[in-house]
Amino acid sequence: MSRTALRICPLCEATCGLTLTIEGTAVTGARGDRDDVFSRGFICPKGASFGAVDGDPDRLRTPLVRRDGELREATWEEAFDAVAAGLRPVVERYGPNSVGVVLGNPNVHTVAGALYPPILMAGLRTRSVFTASTVDQMPKHVSSGLLFGDALAIPVPDLDHTDHLLLIGANPLESNGSLCTAPDFPGKLKALKSRGGTLTVIDPRRTRTARLADRHVAIRPGTDALLLAAMAYVLFEEDLVALGELAQHVQGVEELRAEVGDFTPESVADACDVDADTIRALARELAAAPTAAVYGRIGSCTVPHGTLASWLVDVLNVLTGNLDRPGGALFPQAATDKTPRPAGPGHGFALGRWHSRVSRHPEAKGELPLSALAEEIDTATAEGEPIRALVAVASNPVLSAPDGDRLDKALGSLDFMVSVDPYLNETSRHAHVVLPPPPPSQSPHHDFAFNTLAVRNQVRYTPAAVPLEPGRMAESEILARLILAATGMHGADPAAVDAMVVDQTLGKAVKEPHSPVHGRDPKELAAQLTGVSGPERRLDMMLRLGPYGDGFGVRPDGLTLEKLLAHPHGIDLGPLKSRLPQPLKTVSGKVELLPAPIAGDLPRLREALMHRPDGLVLVGRRHLRSNNSWMHNVPALTGGSNRCTLHIHPQDAERLGVRDGAAVRLKGAGGEVTAPAEVTDAVRPGVVSLPHGWGHDRPGTRLGHAATDPGVNVNQLLDGSLLDPLSGNAVLNGVPIEVSPVSEKITALT
């Protein structure tokens with residue numbers, strides 16, 4: 001007999017509510033939850049394929065331990081014994097930095113992935129930390145840290161109320177949104193236009209989002225910061241700067257005026273391939289709108305001036321008075337945020353507190369560039385030990401980082417590697433121990449990260465829809481046991497990890513004067529926590545201490561886990577509101593419009609005015625039915641438009657002798673790949689586009705469906721040397737590339 005259960009979708013950042021149909025323990029269907037307070041029934045192809053993702057037969061069901069050179073099935077006890085035996089000797093002999101930690105994108109899509117990795121890194125005391133952030137959004141973290149004093153204080157566009165939305169390097173109709181959590185992003189853009197608003201899209205490709213726009217500007221890739229700086233220039237030159245109520249919270253306006261003086265529309269037009277009149281029109285339209293928001297995403301982050309572009313997005317929001325006001329760009333307030341502290345100066349944000357060992361890359365937000373992982377493993381220096389052991393959690397850097405071939409070889413040289421991953425993929429195949437978490441249906445869900453970026457304040461929690469299968473282990477227990485094994489406490493009760501966090505958090509909270517539990521007994525507070533697991537108890541604690549919480553009885557109407565469980569479709573907490581100056585943690589207590597590191601990087605942007613690369617440049621491409629490399633093993637999410645083809649403009653194809661469907665060779669600094677050409681005017685002349693996350697052709701993996709149509713790894717075209725210096729983010733877009741036809745035909749495109 002079938003039944004239904006609710007589940008928040010974990011397959012992208014939109015966090016839509018689902019209603020699952022379950023037969024026994026198998027998910028046989030998924031539809032949108034019409035009563036979900038946030039998504040209201042919206043669903044995309046990924047959510048509709050939840051059952052296929054959940055039940056993928058290639059998902060690992062038991063741990064694997066390497067014996068005599070081969071990965072073989074093992075018990076959980078054997079697996080954690082092997083972890084302790086492999087990791088601890090490396091730490092004790094070579095020091096904590098000899099153990100690297102790599103966190104992948106899926107970590108932020110699970111409860112356990114949000115709660116436990118910070119404890120692991122703190123316990124190891126390693127500075128060798130790498131995440132997917134430095135091939136994605138790290139420039140936004142750095143610019144927010146410098147502007148607002150907090151790398152996690154990222155304003156999001158008020159999609160439901162804005163009159164004018166300018167998107168740069170963003171394609172939310174296919175990504176579903178990113179750093180802007182918004183179920184039914186397409187519907188919100190259509191509603192914007194229906195109420196008379198304006199949508200402007202700046203993108204070198206005519207994406208689905210661009211086709212919806214009132215104005216599409218086909219910029220030359222990699223020049224986003226130049227165009228945005230020129231728009232700021234126009235605002236100053238034409239006296240269009242109007243901070244309004246923001247003025248009391250901002251410093252550095254006049255200094256900024258001087259710094260953008262060289263970036264006239266005329267001076268940047270040639271580099272951007274956008275005429276000066278269009279640039280002036282963009283600035284004037286932004287300033288004239290009753291409310292407006294500028295929003296930039298991965299296309300403007302993964303470029304040589306990614307941090308400057310991310311900074312300028314918020315500079316334009318500030319100069320037009322649209323930061324922190326309804327209809328503009330606002331700071332969300334998540335239910336699990338820390339207790340709001342009184343407004344006032346903070347400690348600020350610092351870059352470069354330590355550096356990578358080989359190339360001396362500065363850390364950003366406690367992380368080193370993922371592009372540097374291979375050299376940190378395979379290169380000896382006098383600056384300390386190389387990475388000899390690696391903990392990889394839900395990460396596949398062989399495909400997601402530049403020069404996967406080099407990293408592939410480096411991983412094979414490690415003394416020890418443990419991977420927490422449901423698949424034996426291009427990275428986890430090198431592990432000595434693989435610890436597979438259960439499928440999503442067997443795990444609870446709450447969006448700790450994405451609710452801090454949501455376009456409406458709300459809170460939702462869904463318990464596991466299906467009980468753990470026999471032989472499975474909850475992801476929270478896997479990570480807790482990993483923490484114990486890695487930190488010399490192998491064999492201890494995994495519940496001790498959660499208990500430690502609760503004790504530390506409550507012990508600190510009772511000492512903070514602004515906390516609702518100031519002066520109370522931490523043990524008495526801990527005794528009040530509810531929940532059937534450590535993660536639930538921690539969620540209850542965070543809700544109670546958070547901005548909407550009951551403060552452990554201080555506010556009887558406030559949030560608790562029990563109250564949230566009584567509202568299975570979630571609790572609406574209202575629209576985004578103006579919050580300044582409370583979110584600011586800068587030393588001045590104000591928005592610091594021209595931070596010193598930004599000013600120090602502007603000369604490099606001025607140099608870009610003088611240089612325009614000849615030839616073709618490469619950009620990536622997002623597919624609606626995919627999310628990085630995770631989902632290519634699900635038949636329902638591949639095929640059709642979700643294919644690894646090279647988009648090339650007809651003019652460039654004719655000039656190079658490239659035929660539609662024929663094989664083309666792409667050559668970059670990191671190597672070369674061969675892919676089928678797809679001739680289309682959806683990409684502007686001078687630009688080619690190849691999607692990321694492909695290249696499933698390495699031996700030793702267990703990705704049966706993905707291997708039937710492996711595609712090629714676009715990141716193999718990069719050698720990892722191109723980084724945005726402030727953030728350490730890899731430059732993945734606007735990269736010079738050589739394209740030439742080859743004789744054989746790969747496939748006929750229909």
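Hi everyone, here is a short tour of one protein chain, from the whole fold down to a few residues.

A word on the source: this is a predicted model, so local features need pLDDT of at least 70, side-chain atom pairs count only at pLDDT 80 or more, and totals for chains, interfaces and linings use all residues. Residues are numbered from 1 along each chain as its sequence is written, and side-chain values use heavy atoms, with hydrogens and water left out.

Let's start with the whole chain. You can find 26 helices and 28 strands in the protein chain; these are DSSP runs numbered from the N terminus, H or I of at least four residues for helices and E of at least two for strands. The protein chain has a radius of gyration of 25 Å, close to the 27 Å that the globule rule gives for 750 residues, so it is as compact as a globular protein of that length. For that comparison, the radius is taken over C-alpha atoms, and the rule is 2.2 Å times the number of residues to the power 0.38. Along the principal axes, the C-alpha atoms fill a box of roughly 65 × 65 × 60 Å.

How much of the chain is buried? Of its 750 residues, 63% count as buried, where buried means under 20% relative accessible area, exposed over 50%, and partly exposed in between, with a 1.4 Å probe and protein chains only. On contacts (heavy atoms within 4.5 Å), take the pairs at least 6 apart in sequence: 73% of them join residues at least 24 apart.

Now for some strand pairs, which need at least two DSSP bridges between them. Strand β24, residues 671-679, has two partners to look at here. With β22, residues 646-648, β24 runs parallel, joined by 3 bridges, and Ile648 stands opposite Val679 in β24. With β23, residues 662-668, β24 runs antiparallel, joined by 6 bridges. Val664 faces Ala675 across that pairing, standing opposite it in β24. β23 and β24 also form a hairpin, with 2 residues between them.

β4, residues 64-67, and β5, residues 70-73, run antiparallel with 4 bridges, and Arg66 stands opposite Leu71 in β5. This hairpin has 2 residues between its strands, and Asp68 in the turn has a positive phi of about 55 degrees.

Is Asn107 buried or exposed? Asn107 sits in the loop between β6 (99-103) and α4 (111-115), and it is buried, with a relative accessible area of 5%. Not counting residues up to four places away in sequence, Asn107 touches Gly113, Ala114, Pro117, Val393 and Ala394.

Val129 belongs to strand β7, residues 129-131, and counts as buried at 5% relative accessibility. Beyond its neighbours within four places in sequence, the contacts of Val129 are Val101, Met121, Gly366, Glu367 and Leu368.

Gly640 lies in the loop between β21 (616-619) and β22. Gly640 is exposed, at 61% relative accessible area. Its C-alpha atom is separated by 9.9 Å from that of Arg625, 15 residues apart along the chain.

That's the tour, and I'm happy to go back to any of these spots on the screen.
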